[in-house]
Every structure is written in C-alpha cells, then in structure tokens.
Amino acid sequence: MRIIRGKYGRRRFNVPTNISARPTTDFARENIFNVLENMVDFEGLTALDLFAGTGAITFEFLSRECEWVTCVEKAATQYKFIKQVAQQLDIKNISVIKGDVFKFIDTCDRQFDIIFADPPYDLPDFAKVPEKILGSRMLKPGSIVIVEHSKAYDFSSLPHFAEHRVYGSVNFSIFRIP
C-alpha cells in the first residue's frame, strides 16, 4: 500500500498476503482525491472510512491533514494492519473500529464532513449502502459522501447526488449535503 500525497506521501507498507480486501487502485485513489481537493480543504475536517480494507483511504485523509479520521473494518487481518500502520506513523488522530458497517451506521450519532464507503462489490446489500448513509444521523450540512462501486450500479436517482466519476473499472458516486 502506498500513501500518495501529503505529509505521509510516498510511504509504502507491505499488505499482509492473507488480506481479503479489494483495495482501491492508486490511479483511482489519486484521481478521486484530486476531485475532493477541488471541493474542500481537508485541514480540520473529520472523515469516516467505511469498509476500510487496508486503510489506504484513511491514511490519505490523515496525510492531507484531516483533524480526525474514523475507520470501520470488520475483517481482523485488515483491522490489525490499519492499527499497525497507524502505530508506525505515530498517528494519534484516528479511531479504528472493528465491526459491522451496517450496525455502525445504525448506531453512530457523530457527524462527519466526509464519508467514504468502499463496500466489497459482492456484498449482498451493496445497493443499500448509499441509502443507509444518506438516511443516517452522520451527515450535516456540507457533508460529502463518496461511494465506490462497479459499473453495475447507478445511484444518480438518490437524493443529494452530485456527480459520477469513472477511473478505469472503478466508479465513484459523489453526494453533497446542502
């Protein structure tokens, strides 16, 4: 895993071989962060990374000076890897939660400036993820929600849909809360 830019930029970490995640490609990650950098100044923002996988998105947020980042990952291998990288980088402004994302969304009453969700493409309830986030208490005026998905999904009819971006085989739907 490589952190692309920011204060931890160009740092590389060896991902465990038994990882079950499908990490966002460097190409797609770099491009979606370029889009986000044109929307917001990350400094001082709070971010949430759902289905965190290797934590690549989490560490991009932290590297770009987000004030606090919370990430949620169910798999033990990925959870431990995120904790290990955070420790190696001596990061204190992170909360790593091992648990089910749907339960987290249902019970979380904290609000975030940016929410990024990258569910496994074969997740049975994949299509419900954006609706659950958009219907949650985690949003506030000005929040941005990014959902990574395959070309099989079209979320443009959902409330607050702003734009759709495609980078190779990776699709992102972006929502902006007024």
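How much accessible surface does the protein chain have, and what percentage of that surface belongs to carbon and sulfur atoms? The accessible surface comes to about 8500 Å², and 47% of it belongs to carbon and sulfur atoms; these areas come from the Shrake-Rupley method with a 1.4 Å probe, and for residues only the protein chains shown count as cover. The model is a predicted one, in which local features need pLDDT of at least 70 and side-chain atom pairs count only at pLDDT 80 or more, while totals for chains, interfaces and linings use all residues. Residues are numbered from 1 along each chain as its sequence is written, and side-chain values use heavy atoms, with hydrogens and water left out.

The protein chain holds 5 helices and 7 strands, where helices (H or I, at least four residues) and strands (E, at least two) are DSSP runs numbered from the N terminus. Along the sequence these elements follow the pattern α-β-α-β-α-β-α-β-α-β-β-β. The radius of gyration is 15 Å, close to the 16 Å that the globule rule gives for 178 residues, so the protein chain is as compact as a globular protein of that length; the radius is taken over C-alpha atoms, and the rule is 2.2 Å times the number of residues to the power 0.38. Taken along the principal axes, the C-alpha atoms fill a box of roughly 40 × 35 × 35 Å.

Of the 178 residues, 52% are buried, a class defined by a relative accessible area under 20%, with exposed meaning over 50% and partly exposed in between (1.4 Å probe, protein chains only). Among contacts (heavy atoms within 4.5 Å) between residues at least 6 apart in sequence, 68% join residues at least 24 apart. The protein chain carries 23 positive and 22 negative side chains, and the centres of the two sets lie 4 Å apart. In this count Lys and Arg are positive and Asp and Glu negative, with His and the chain ends not counted; each charge is placed at NZ of Lys, CZ of Arg, CG of Asp or CD of Glu.

Among the buried residues are Phe59, Glu60 and Phe61. The cover over H2 includes helices H1 (26–37) and H3 (76–88), together with strands S1 (46–50), S2 (68–73), S3 (94–98) and S4 (114–117). After H2 comes Glu65, with a positive phi near 80 degrees.

Two further residues share this backbone feature. Most residues other than glycine have a negative phi. Phe51, in the loop between S1 and H2, has a positive phi near 60 degrees and is buried at 14% relative accessible area. His160, in the loop between S5 and S6, has a positive phi of about 70 degrees and is partly exposed at 35% relative accessibility.

The whole structure contains 11 aromatic pairs, counted for rings of Phe, Tyr and Trp (its six-membered ring) with centres within 6.5 Å; planes under 30 degrees apart are stacked, over 60 edge-to-face and the rest tilted. Phe126 and Tyr153 have ring centres 4.5 Å apart and planes at 25 degrees, so they are stacked. Phe126 lies in the loop between S4 and helix H5 (129–134) and Tyr153 in the loop between strand S5 (144–149) and strand S6 (161–167), so the pair ties together parts that are 27 residues apart in sequence. Phe126 is buried at 0% relative accessibility, whereas Tyr153 is partly exposed at 24%. Tyr167 and Phe172 make a tilted pair, 6.0 Å centre to centre with 55 degrees between the planes, and both residues are buried. Ring pairs also link Phe27, Phe116, Tyr167 and Phe172 into a cluster.

Ile32 of helix H1 is buried at 0% relative accessibility. Beyond its neighbours within four places in sequence, Ile32 is in contact with Ile146, Tyr167, Phe172 and Ile174.
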